[in-house]
Amino acid sequence: MTPNRTITIGDTVVQVSGEGTPLVFVHGFTTTAEFWREQVETFSVRHQMIRINLPGHGRSPRPENRAYTIEAFVEDVLRVYRELAIDSAVLVGLSMGGTVAQTFALTYPDRVRALVLVGATPHGLGADVNVDNVLKAIEDLGVVAASQKVIERSFGSDANPALVDFAKNEVAQTPAFVARQAIASLNASDSRARLGEIHVPTMVVVGDEDIITPPSESQILAAGIPNSQLYCIPRAGHFPMLERPDTFSRLLGDFLMRQGLPAPRIAASATSHMQQNV
């Protein structure tokens, strides 16, 4: 088992494992750093894997006198970079974390060596999870039930029920006041006009059964970012890194290798049936 240290930087709980070129992972709306758990053993062998719990998410602090917006989260990520003495890193973002990653890359381009966007969009989320629907569900059902209903729609058709239960337990940690601010900010975020300014190598990954951020949104990202490739993972929903971890990790490993970075050893069969769209 790879040793893992947990540190708190500002309002952010960060899990760090391994040594080498830093890989910084940012989770999505109401999810946590544990959504990257399947990648820890694989990538910590040759890299420093840094999994961020955004403020108000997971075990991170949730003070009421701060902002829980995309712009604020970008500054939280920068604070992690500075505290860990990271000049530049491969930045990996899931869903809302993909929006944070895009904004970070546009704001601090010299800090990003390469970019990986998973289940992400250039503007808000898909139609199934728009801000009005989420805010109404929070008011009607409470934030825990509202977040868990999103989770129930987030996985592919043959997802393991235990995996769904894990995800539902994780999202229950985010309080309502954090969720309200975060979803409103995510809905307002729009990078479509600036995608051409992202010049680092970029990989866009989406599950072919993702209804939260449909593959059409990933196609917009890949079409707008000059040096990018799009991969669509079969039989996966919004969390391909959990649902198809071998396939996802092989994709990420190959991407790192193309950047001149060491890649883990993963069975070649892991991506034998993967769809690729460029």
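Predicted model: local features only at pLDDT ≥ 70, side-chain atom pairs only at ≥ 80, totals over all residues.
Two residues are said to be in contact when heavy atoms of the two lie within 4.5 Å. Leaving aside neighbours within four places in sequence, G18 is in contact with T2, P3, S44, H47 and Q48. G18 is partly exposed, because its relative accessible area is 28%, a value between the 20% under which a residue is buried and the 50% over which it is exposed.

Confidence in the model comes next. The mean pLDDT of the protein is 93, and 94% of its residues reach 70 or more. One stretch to read with care is residues 269–273, where the pLDDT is below 50; beyond near neighbours in sequence, this stretch has 7 contacts in the model.

Attention now turns to the interior. In soluble globular proteins, nonpolar side chains tend to be buried together. Here the largest nonpolar core has 56 residues, and those with the most contacts inside it are V24, I50, I52, L91 and L115. Helix α2 (residues 70–83) supplies the largest share of this core, with 7 residues. Apart from this core lies another, of 34 residues, among them W36, V40, A114 and F255.

Not counting residues up to four places away in sequence, F73 touches L54, P55, H57, R66, Y68, M96, V100 and A182. F73 and V178 are 105 residues apart in sequence, while their C-alpha atoms are 12 Å apart in space.

Two packed helices are described by the angle between their axes and the distance between the axes. The axes of helix α4 (residues 131–141) and helix α7 (residues 176–188) come within 9 Å and cross at roughly 170 degrees. The two helices are therefore roughly antiparallel, since angles over 145 degrees count as such. On the α4 side the contact is made by V131, V134, L135, I138 and E139, and on the α7 side by A176, A179, R180, I183, A184 and N187. By type, these residues divide into 8 nonpolar, 1 polar and 2 charged.

Helix α5 (residues 143–152) contains Q148. With a relative accessibility of 19%, Q148 counts as buried, because the cut-off for buried is under 20%. Setting aside residues up to four places away in sequence, Q148 touches K168, N169, V171 and A172.

A85, found in the loop between α2 and β5 (89–94), has a positive phi of about 55 degrees although it is not a glycine. A85 counts as exposed, at 64% relative accessibility. R235, in the loop between β8 (228–233) and α9 (240–243), likewise is a residue other than glycine with a positive phi, near 60 degrees. R235 counts as partly exposed, at 46% relative accessibility.

Technical notes
Residues numbered from 1 in each chain as written. Heavy atoms only, no water. Buried < 20%, exposed > 50% of the residue type's maximum accessible area, 1.4 Å probe, protein only. pLDDT = per-residue confidence, 0-100. Axes fitted to C-alpha atoms, helices over the stretch in contact; angles between N-to-C directions. Helix = DSSP H or I, 4+ residues; strand = E, 2+ residues; numbered from the N terminus. Parallel < 35°, antiparallel > 145°, perpendicular 65-115°, else oblique. Nonpolar A, V, L, I, M, F, W, Y, C, P; charged D, E, K, R; others polar. Core = buried A, V, L, I, M, F, W, Y, C linked by side-chain atoms within 4.5 Å.
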